[in-house]
Amino acid sequence: MTSKLDSAVRGFMNEMARRSGVKVRASREAALTLHSSSCWDSMVKQDKPAKNGHATAAVFHGIQPAHVLMLLNELEKRKVTASLASKLDDKIRSVIRELNVAESAPNKTSNAMSSSEILRRQSEAIDYASTGNIQKLRELSRVCSYAIPNAKDRKGRSCLHVAAFNGHENVCRWLISEVNLSPQTLDLDGKSALDLAVGGDYKDTISLLRSFNVPAASNKSGEITNDLYRVAEKQLRGIRTISQLRSLLQQNRVATGTSKNTITRVLGCEVDSTDAEHDLDCTKTLAEEHGAVILRHFLPRRVDQLALAALRVDQLALAALSLRPLNLDYSSVMDTFGMGAANNTNPKKNASKSERKQQRKQIEHIKSKLTTPSEANIIKQTNFGPQMQSYTESGGGISKKRKIDSFPLSKLRYLNLGSFNYNWGDRQYDLIPGAMTLHPRLVALAHRATVMSIQEGSESLNGLKIDFNFAICNFYHLHRPSDRLGGHKDDVESNLSLPLVTVSLGAPGIFLLGRESREALPSAILLNAGDCLVLSGKSRGYFHGVPSILEYSDGDGDDHQRNNSGHETKNSNQPPALFPELSEEGCLVHNNEGYASSSASPGVDQDYIPTQLELNFAEAFLSTVRMNMSIRQV
């Protein structure tokens, strides 16, 4: 009976570990207790056994201790088991409510505990977990319920970390199932509890943590190793400015014994005199051996520092045309501030810090007012599409959500350009009837980047016939630090030998280029507005993502800390303007005369050229976001 019960528990735990959100917490607790009272007894009899072999005390978080066995017996009597699947949690809740056995809220004396007392309790929790004293841990959980979840030692290790490090399998099980400590939490060295258990070769603990589906990388022999891509993401995730990035790199270089799993260099961010030469060598290696080509100043229009008086008009025009399918009504909001591409003054450069802050608040307000109607066809190609699918027609379902009439630009996370929509859930491309084809200027830009990549040494692109027909635009809003892109592979396209062309606009960001496996330490690249990255050859199948977006700041965001890493291409001639019809002031050039870009301008196809109003808004928009365009052939 015991072996069958243990097998059922393990199977149930494996099933529940794959679920997410709040439900998994209650399910993990129930998995170890709901089958029978004898199961609960077997867990705690080592702590306070009675002479008859049954437990005399038990801790079941959320349930009054005196009623734990009654609840378990009732669950067994009503056959509340894992076979209920998704209905299990609701059934348990209904029984708890019916029996009225839920714990009351914590009393005020616990909440009034001093900070020094809390620190002492947390230190005790680490000591008890290290020695495997589960009885003391349970007693501590009654006195101070939040001491164990928040306890950390000097290495950033939780109670689960230190229990796994010392091979205390029973403590690990209790901490996960009842205290809800996550097995995926990393310490300051980037290691999970499973990593520490593997280091000590504690087979029972390793088996337990694996059953909770801890995402550890493994090699071909099945040996668990560090997920170095995840480690790098965690290190860079909180970085918001160039100054913070330099400080992190300096700290990592000084630290000893951690060079193999920490980020010590970021291409494009110079910390000391050795970085320039290293960046050149690394950039060359990425291009020639991996097929990853960094094209600095790809959209420069001019490259002298005086040109930084305004964002490059090619960049503005590219952003404006990408936003055009949303059919935003700029005329209702653009009169609220005086900022435009036609001005020779850059508000970020000449305005004070407080003035720039106020300007960006104003722009965020404008972004919240600019909306796209929910019935617009383009909604299907944005992050609002899945949200629209969650609504049902009137009277056609049980959903009680109110259908949203329109969606604000401030909440736009991605926009698909071309005749397709990438379905993130199913990982497939869907053809969208009536969708606009990819703009010819974006196609021309991608082909130009491909030619320059071949000149930089990416031999994998030679002889390829490429029909660029799709682009994903990702938007990272500076007022929302959570905006980022996790490590992933773009491997859904039909022909993976064809390149990805990624163009950066707006705020600078850190791009992580991993390898085929997450075990390898990724290369970190600082990409600024106008930079381009072409992934081809081996790098086409690498993990990549954007863990952090950097804010504009004095001396950081505006000059972009440009160095010699990769912007001096073998082709010494600067690329031609992507929009030669526009002057550097955003005006149309026609017969050597300047015309403001508008529908009244003679001899100009407005489908290809943004209006002055669109350019004005693009300049304001890019001051508050990072925009990343990834062009490809589906």
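Me: Where does D490 lie?
Reply: Start with the elements. Helices (H or I, at least four residues) and strands (E, at least two) are DSSP runs, numbered from the N terminus. D490 sits in the loop that runs between β11 (485-488) and β12 (500-506). This is a predicted model: local features need pLDDT of at least 70, side-chain atom pairs count only at pLDDT 80 or more, and totals for chains, interfaces and linings use all residues. Residues are numbered from 1 along each chain as its sequence is written, and side-chain values use heavy atoms, without hydrogens or water.

Me: Is D490 buried or exposed?
Reply: Buried means under 20% relative accessible area, exposed over 50%, partly exposed in between (1.4 Å probe, protein chains only). D490 has 14%, so D490 counts as buried.

Me: Which residues does D490 touch?
Reply: Contact means heavy atoms within 4.5 Å. Leave out residues up to four places away in sequence, and D490 touches L496, L500, R540, H544 and R632. Look again at H544. Its side chain makes a polar contact with the side chain of D490, at 2.9 Å. Such a contact is a pair of N or O atoms within 3.5 Å; within protein, one must be able to donate a hydrogen and the other to accept it, and residues adjacent in sequence count only if both atoms are side-chain atoms.

Me: In what order do the six strands of the open sheet stand?
Reply: Two strands pair if DSSP finds at least two bridges between them. Here the order is β4-β15-β12-β19-β10-β7, and the pairing is antiparallel. β4 (292-295) and β7 (414-418) stand at the edges. Each has a single partner strand, so one side of each is left without a neighbour in the sheet.

Me: How many bridges join β4 to β15?
Reply: Four bridges join them. β15 covers residues 532-535. Find L295 and you find C532 in β15 opposite. Now look for a helix against the sheet. Helix α21 (residues 440-455) packs there, touching β4, β7, β10 (470-477), β12, β15 and β19 (625-632).

Me: How many salt bridges does a search of the whole structure find?
Reply: The rule is a side-chain nitrogen of Lys or Arg within 4 Å of a carboxyl oxygen of Asp or Glu. The search finds 25. Take K136 and E139, whose closest N and O atoms are 3.9 Å apart. Both lie in helix α8 (residues 134-143), three residues apart, about one turn of the helix. K136 is partly exposed at 36%, and E139 is partly exposed at 28%.

Me: Which parts of the chain does the pair D187 and R157 link?
Reply: Distant parts, 30 residues apart. D187 is in the loop between α11 (169-177) and α12 (193-200), while R157 is in the loop between α9 (147-150) and α10 (159-165). Their side chains meet at 3.2 Å, N to O. D187 is buried at 3%. R157 is buried at 10%.

Me: What does D275 form with R253?
Reply: A salt bridge, with the closest N and O atoms 2.9 Å apart. This pair also links distant parts of the chain: D275 lies in helix α16 (residues 275-290) and R253 in helix α15 (residues 242-254), 22 residues apart. D275 is buried at 1%, whereas R253 is partly exposed at 25%. Finally, salt bridges can share partners, and those that do join E117, R120, R121 and E124 into one network.

Definitions and conventions:
Axes fitted to C-alpha atoms, helices over the stretch in contact; angles between N-to-C directions.
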